[in-house]
Amino acid sequence: MSAVPLQPPRRLVEFTLDGEPVRVPEGSTLLDACRAAGKDVPTLCQGDTLTPKNACRVCMVEVEGARTLAPACSRRAEAGMEVRTDSERARHSRKLVLELLASSTDLSTTPRAAEWIEEYGAEPGRFGEDAATVAEEPKVDNDLYVRDYDKCILCYKCVDACGEQWQNTFAIAVAGRGFDARISTEHDAPLTDSACVYCGNCIEVCPTGALSFKTEFDMREAGTWDEERQTETTTVCAYCGVGCNLTLHVQDNDIVKVSSPHDNPVTHGNLCIKGRFGYQHVQQH
Ligand code: SF4
Ligand code: SF4
Ligand code: FES
């Protein structure tokens, strides 16, 4: 149902990726090149609908001759570069990033985190039992979505989605400094007293599950959330004439959350409160 936007042809840039010559369209990132070549570089703060923020540093790769490692998600490919995705230095950097994140936050709902921790031999427990953790109770202050900042890696994606990159609502921002830095509403007010319009666009981009539908939060608490039993059906929102695509995630005949395809030229993965949360009328039991 998605249209493919036409773009002017781009020149190709040739460089070396893990010893193999590759060619990518000018302007591509190293991550684009890695994915085109079938290389699995971990990412967390990168999002296909957002401008990279370089916050998590889990995607670092080594560029021959450069003093520091480069974030693959934002570094553009240049002709003649020699890039190594799997060097000892790059792997060590990813290991350390995963250890720091997993020792201070709860990555239990971050897709692939456990796999990467094993792959890179990360040992989050090596900082000891006294390692500082975020240790926050989930904020459940409305019926639509939950903020569990115990799981927040401060990737800023929600801030960008709520602010200048998509929603222009600016309901949330970073408050505090250093280890006390947190994502917060103004004056840490409950969401219901904030500028939030409940579009849920922050939930859509959150890579860790720190932001989730209340349905998902409740089902996880009850032990009934099971993505393997869920189906996804994409349809068109009937609330107005814009024609947003909605993907309905259904478990046991109930809609449990709603998203939108990121490549949809109307929504780019974003929705308003009606499309995102206005589905209860189709399943009143
Ligand atoms: S639901 Fe929308 S308005 Fe509310 S915090 Fe998230 S992105 Fe901002
Ligand atoms: S709540 Fe999610 S999207 Fe926002 S900064 Fe934390 S991890 Fe990133
Ligand atoms: S994914 Fe590249 S810095 Fe986070």
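Predicted model: local features only at pLDDT ≥ 70, side-chain atom pairs only at ≥ 80, totals over all residues.
Residues are numbered from 1 along each chain as its sequence is written, chains are lettered from A and ligands numbered from 1 in the order in which they are written, and side-chain values use heavy atoms, with hydrogens and water left out.

Let me begin with the salt bridges, where a side-chain nitrogen of Lys or Arg lies within 4 Å of a carboxyl oxygen of Asp or Glu; by this rule the count comes to 21. One of them joins the side chains of Lys-53 and Asp-160, at 3.3 Å from N to O. Lys-53 sits in the loop between helix H1 (30-36) and strand S3 (60-63), and Asp-160 in helix H4 (residues 157-162), so this pair ties together parts that are 107 residues apart in sequence. Helices (H or I, at least four residues) and strands (E, at least two) are DSSP runs, numbered from the N terminus. Asp-160 is buried at 6% relative accessibility, whereas Lys-53, at 38%, is partly exposed; buried means under 20% relative accessible area, exposed over 50%, and partly exposed in between, with a 1.4 Å probe and protein chains only.

A second bridge, between Lys-95 and Glu-99, has an N to O distance of 3.2 Å, and these residues are four apart in helix H2, which means a separation of about one helical turn. Glu-99 is buried, with a relative accessibility of 0%. Then there is Lys-139, whose closest N and O atoms with Glu-136 are 3.9 Å apart in a further salt bridge. Through shared partners, Glu-136, Lys-139, Arg-182 and Asp-188 are joined into one network.

What does Thr-105 contact, leaving aside its neighbours within four places in sequence? Counting heavy atoms within 4.5 Å as contact, the partners are Val-134, Asp-150, Cys-152 and Ile-153. Thr-105 lies in the loop between helix H2 (88-104) and H3, is buried at 11% relative accessible area, and its side chain reaches the backbone oxygen of Leu-101 at 2.6 Å.

Finally, the surface: Leu-96, Leu-100 and Phe-127 form a nonpolar patch with about 240 Å² of accessible area together. Such a patch takes residues with over 30% relative accessible area and no salt bridge, nonpolar side chains (Val, Leu, Ile, Met, Phe, Trp, Tyr) being joined within 5 Å and like charges within 9 Å, and accessible areas come from the Shrake-Rupley method with a 1.4 Å probe, where for residues only the protein chains shown count as cover. Phe-127 belongs to the loop between helix H3 (113-119) and strand S6 (145-147).

Technical notes. Polar contact = N/O pair within 3.5 Å; in protein donor to acceptor, adjacent residues only side chain to side chain.
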